[in-house]
Amino acid sequence: MIKADILMTGVGGQGVILASDALAEIAMKTGYDVKKSDSLGMSQRGGSVVSHLRIGGQIFSPMIKKGDADFVLGFERLEGARWLDYLRKDGIAIINNLAIPPLSVVGGASKYPSVREVEDIVRQRTDQIHFIPGTEIAAELGNPQVLNVLLVGFLSFFLDIDEKAYVEDLSQRVPPKFLEINLKAFARGREEALCRKQTGHH
Amino acid sequence: MRKLLSGNEAMALGAYHAGLSLAAAYPGTPSTEIMESLAKFQGIYVEWSTNEKVALEVAMGASYGGVRALASMKHVGLNVAADPFFAVSVTGVRGGLVVICCDDPGMHSSQNEQDNRHYARFAKVPMLEPSDSQEAYSLMEWAFKISEEFDTPVLFRSTTRISHCKTVAEIADSPEMKRKQPRFVRDLHKFVMVPSNARSRHPLMEERVQKLSSYFETFPLNEMILRDRNTGIISAGVAYQYAREVFRDASFLKLVTTYPLPENLIHRFASEVKRVVVVEELDPFIEDHLKAMGIDVIGKQLVPIVGELNPQMLEESATNLHLLPQPDTPPSARTAEHELPPRPPLLCPGCPHAATSYALRRLGFYHIVPQDDPASQKQAAVHHKRQGIIATSDIGCYTLAVYPPLLALDTCACMGASIGQAHGLEKAGVTNKIVSIIGDSTFLHSGITSLVNVVYNEGRGTVIILDNNTTAMTGHQGHPGTGISARGEKAQRVVIEDLSRGIGVRDVNVIGAFDLPTIEATIRRCVETDEPSVIVVRGDCPLRVREKGKPLAVNLEECDRCYNCLRVGCPAISRDNDDVRIDTLMCVGDRCSLCLQVCHRQVIKVRDR
């Protein structure tokens, strides 16, 4: 792997920043140069969250240039679509198929985009789209909060970083009583990506 | 040791390793994590001060006492601390004194976009600017050295993308961390700024700037990279990183000493390249200086003066000016038909500010809008409170109540302004009833003096102090009203209602944050009286306390779809076609119960688990 520019997006409280922190740390320990930049400030209060993560030989800008990201990892459908301009042509879009309608939609002032519409936006850039039922799988595993680790697991399949490095980082990062479910979520996400590759299913 | 650090963590660690003894700060995005990181280190004194002015005065005292000290704050914090900042520039220091200020281009969490580099020139204080976490760490040692050697405070300027970005830094494994022995040596000419002494200090300040300028000519962290000589870029801070990203082959002069500028170095660089381009965020600070030096530069025609810079903005603009060939950036993936709904930040479910905001919205609307008529909503958004209560507001989470559906506020300017503004409106003769809304931390920061002013000048103002027992917006820091120190230990608590009574307010009320009828009735009563009044609305921030009550649910069979509950603006309540739903994961349950109180058919109920 020469470089990976990853844009992670979601809604405040979904664990976007934690996921990008973990992945940044893992990449650094593997020997890469890493820079990351989060939108902080008011995001904790249910706003849109975006994290730029850049991994490579030597990185200058901590922010990804529009049209340069190799991956857009959307923790939520609308937020996945919102930041899609960052994806490069033929990059990989991984979108958790979950809708969290913002207040403007709740109040009836605007409309939440359908799966079809989001797909339409993604197709302008790439055919490599993965809609994942991440929240459902996480709930099946017993805790919807492990969605972020599950998505990192899925993404890890495409990155040139040893699987052991993730497991090691999780073991240090996660409190012991939540470790097992987090490791399961990671493995399950990675498996999901492998499955899709084998079946050629996007 | 290689470490992935945010700029804020790196500055804290750099200062600690440089032998820091004391640090004082007031929280403010994007600077807050500097103090939070410092508070984890042992052997130094740290505090959240009541405001930035106090913080800098505390650091100044420590410096006079011979030890290394720092004060950190956000850009607008330096406005509050401007008085001591200018003062300590005149007196100079004993122990090294570093003032860290973090600007917020793009206003991610700020009320303005001021460029604090001007403060360096204004106060005749040297300024250092790191361009990543490595420099944030390494420069700190230099900052203290320069401060002591040149007898000056040093302005250490960061921006959001330096403070909050994480980059890899090489950190000393076993730093010396030699702290100085505190000792105050009397020196009336240096420390007592009566005019006769100050007059003799001013020429020394001018001389200091000259000396610093020559010193910076050979400063090791300024870096000249000569490659393609057609374009030579002068830049600093994160803008330098964007420029390196976009101009792959150009020559560079990276400056970390941005005041005073090393003029000979700049002249030398300019003579090596065909055209000089200055890449800097916000004001043309470097550009103007270069023009005054007689150097022809491309500056603000390339980088806009407004807003935060980013690599694609720089690339597009450079392409338009033919500084770079056309990149093959794909066109936008979204067309006009793909317009997506925005997702602005909101008051959280269970927010103790929600009930007061809702009450204000109703009091603001009540003359023109039939209270529960959804059809008037749109009109109300335009014409709201033409006759109603005016609510001057302040800096904090509660400012989010300005957004729909609450639309509860009329002003928000700067820390502590709400009380003075309300007093001014009243004394100017505006006939509306007026209340000011201010948070606990903001009141203790700079609301107190304004309340004293109201008492003294016989105002009638009603001050609503929203007390959530923390500094919430910046991530739950302690303040004098919490009785919790920067290290998270128990400290002396200042009781806001006692303080208010102590300065002469007779009508002081304390109400629970979710008691909507009492909040509304008390506001109605207080605005009718002829004396100042204080209403403390108290309830813990749900993001800090994280307790849940019994869950709430809507009985859809009896619900008449009036959607009053949606007007509370709670993110846990949503509309699914015509039905109203409460998200039990987000809802804090009957700890809050605001929706239950506004439901006129009382079909929102506490659910049995």
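In this predicted model, five bridges tie strand β17 (residues 434-439) of chain B to strand β18 (residues 462-467) of chain B, and the two strands run parallel. Chain B holds 22 helices and 24 strands. Chain B also touches chain A, with 40 residues of chain B in contact with 47 residues of chain A. One sheet takes strands from both chains, in the order β6(A)-β5(A)-β4(A)-β1(A)-β3(A)-β2(A)-β8(B)-β1(B).

**Chain B as a whole**

- A compact globule of 609 residues would have a radius of gyration near 25 Å, and the 27 Å of chain B agrees with this.
- The C-alpha trace of chain B spans about 80 × 65 × 50 Å along its principal axes.
- Of the 609 residues in chain B, 54% count as buried.
- Taking contacts in chain B between residues at least 6 apart in sequence, 75% join residues at least 24 apart.

**Where chain B meets chain A**

- On the chain B side, 40 residues are in contact with 47 residues of chain A.
- Elements of chain B that give two or more residues to this side are β1 (2-6), β8 (166-170), α11 (237-246), α14 (311-320) and β22 (573-576).
- Helix α11(B) gives the largest share of the chain B side, four residues.
- By class, the residues on the chain B side are 19 nonpolar, 12 polar and nine charged.

**Helix α11 of chain B**

- Of the 10 residues of α11(B), 10 are buried, so the helix is largely enclosed by the rest of the structure.
- The buried residues of α11(B) include B:G237, B:Y240, B:R244 and B:E245.
- Packing against the buried residues of α11(B) are β7 (154-159), α8 (160-163), β10 (228-235), β11 (250-254), β13 (275-279) and α14 of chain B.

- The link between the chains is made by strand β2 (residues 33-38) of chain A and β8(B), which run antiparallel and are joined by two bridges.
- In this pair, A:K35 stands opposite B:T167, and A:K36 has B:K166 as its bridge partner.
- Five of the six residues of β2(A) are buried, so this strand is largely enclosed by the rest of the structure.
- Six bridges connect β2(A) with strand β3 (residues 48-56) of chain A, and these strands run antiparallel; A:D38 stands opposite A:S51 in β3(A).
- Strand β3(A) is also joined by nine bridges to strand β1 (residues 3-11) of chain A, again running antiparallel, with A:I6 opposite A:L53.
- Helix α7 (residues 133-150) of chain B lies across β1 and β8 of chain B, at about 45 degrees to β8(B).

**A crossing of two helices in chain B**

- The axes of helix α5 (residues 82-91) and helix α10 (residues 195-216) of chain B come within 8 Å and cross at roughly 85 degrees.
- That angle makes α5(B) roughly perpendicular to α10(B).
- Where they meet, α5(B) contributes B:S89, B:V90 and B:T91, while α10(B) contributes B:A198, B:R201 and B:M205.
- By class, this contact has three nonpolar, two polar and one charged residues.

Notes. Residues are numbered from 1 along each chain as its sequence is written. Chains are lettered from A and ligands numbered from 1 in the order in which they are written. This is a predicted model: local features need pLDDT of at least 70, side-chain atom pairs count only at pLDDT 80 or more; totals for chains, interfaces and linings use all residues. The radius of gyration is taken over C-alpha atoms; the globule rule is 2.2 Å times the number of residues to the power 0.38. A residue is buried if 20 or more other C-beta atoms lie within 10 Å of its own, exposed if 12 or fewer, and partly exposed in between; C-beta atoms are placed from the backbone. Two residues are in contact if their C-beta atoms, placed from the backbone, lie within 7 Å. Ala, Val, Leu, Ile, Met, Phe, Trp, Tyr, Cys and Pro count as nonpolar, Asp, Glu, Lys and Arg as charged, and the others, Gly among them, as polar. Two strands pair if DSSP finds at least two bridges between them. Axes are lines fitted to C-alpha atoms, for helices over the stretch in contact, and angles run from 0 to 180 degrees between N-to-C directions. Angles under 35 degrees count as roughly parallel, over 145 as roughly antiparallel, 65 to 115 as roughly perpendicular and the rest as oblique.
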